[in-house]
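Please look at the sequence and the three-dimensional structure shown here before reading the report.

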Amino acid sequence: MECQIARGCGLPFLATNETKQIMAPMAVLLGKKDEGSAIMGKTAVITGASGGIGRALARQFAAAGYQVFCGGFSHGQKLQDLVNRLQEEGWKAEGIQADLSSPDGAQAFAQKVLKQCSRIDVLINNAGVAQQKLFQEITDADWKRMMGVNLDGVFYVTRAFLPGMIRQKEGRIINISSIWGVCGASCEVHYSASKAAIAGMTKALAKEVGPSGITVNCIAPGVIRTPMLDSFSQQDLAQLVQETPVGRLGTGEDIAPLALFLASDQAGFITGQVICADGGFAL
C-alpha cells in the first residue's frame, strides 16, 4: 500500500496577527516581498552566478528584493543574459566579470561592486569548477586550478568584503561547498579536498567574526543538475538517483531558498554550520 500526501487542498484559514507572524519567515523563504520587508534595499553579492546554482541564487535573491551583484568569469555571455533577464523582470541586478582566483582580480571585483553601493549585506561564495580524474593522474596544474577557483577565490573575495561588514557590525557570508567535501568522491580527490577546506574555513571564520554581528555558514549541495554533470553517463546519473533517498537529483532551486533563509534575520542565531542539502545522499 502506497502512502500519499495530499497537497494544496485549498482549505481557507483566517489570517490573524498570530498566523501572520508565523508566515512571515516563510515569505522570506519563498522570495515574497512586501512594503514592510526588511529585505528591500539590501545588497547581495553572488559569485559563480552564471552556473546552475548561481542562476537560481541570483533569481531567488533578486525576487526577494535584494540588489544583486552577479560575478562570473568563464561564461561572460551567460552572465549578461542572466542580468538582462533579471532587469527585464524589474529586479535590480548587475553583472561583473572577474577572475576571482587571483587576489588582484578579487580586489578589483570588490571595488567595482562597492562603487555602486554603500554596503554589502550578503556575500555568497558560489564560484567553482569540477573535474573527474584518478588521483595519480591529477597534474600540478589541475590541483592549482581547482584550489585557485574553489578555495583561494573564497578567501580572496571574503577578505575583500569582510572589512565593510565588520564596520557595519552586520553581515551574512554563505559559502557553497559540496556533499563531496563532506563524504569524499572517488576520482575527485582535488575537488573533494577543496570543498572540505571551505567547510573548515566557514567554521573558523564564524568564530572569529561572530562578535561583529556576522554569521558564516556553508551549504553542501548533493548531486545537482548543472553543467558539472555533463561528463556523466546516463547510467552514472541513474545510479546517483538510486543512491539519493528522495529519488531524484537536485536543482539550483532546491538550494537557493536555503541560502535566502540563512541570509534572513530569522537565521541570526545560526552560524558556523555546514548544512547538507542533498536529498539524503550522505545518510
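The report covers the nonpolar cores and the aromatic pairs.

This is a predicted model, in which local features need pLDDT of at least 70 and side-chain atom pairs count only at pLDDT 80 or more, while totals for chains, interfaces and linings use all residues. Residues are numbered from 1 along each chain as its sequence is written, and side-chain values use heavy atoms, with hydrogens and water left out.

A nonpolar core is a set of buried Ala, Val, Leu, Ile, Met, Phe, Trp, Tyr and Cys residues joined through side-chain atoms within 4.5 Å; buried means under 20% relative accessible area, with a 1.4 Å probe and protein chains only. The largest such core has 33 residues, and Phe61, Tyr66, Val68, Cys70, Leu86, Ile124 and Ile174 touch the most other members. H2 gives the most, with eight residues. Another core, of 24 residues, lies apart from this one and includes Ile96, Ala106, Phe109 and Ala160.

Rings of Phe, Tyr and Trp (its six-membered ring) pair if their centres lie within 6.5 Å; planes under 30 degrees apart count as stacked, over 60 as edge-to-face and the rest as tilted.

| Pair | Centre distance | Plane angle | Type |
|---|---|---|---|
| Phe109 and Phe161 | 6.2 Å | 85 degrees | edge-to-face |
| Trp180 and Phe281 | 5.4 Å | 90 degrees | edge-to-face |

Phe109 in helix H4 and Phe161 in helix H5 are 52 residues apart. Trp180 and Phe281 are both buried.

Key: Buried means under 20% relative accessible area, exposed over 50%, partly exposed in between (1.4 Å probe, protein chains only). Helices (H or I, at least four residues) and strands (E, at least two) are DSSP runs, numbered from the N terminus.
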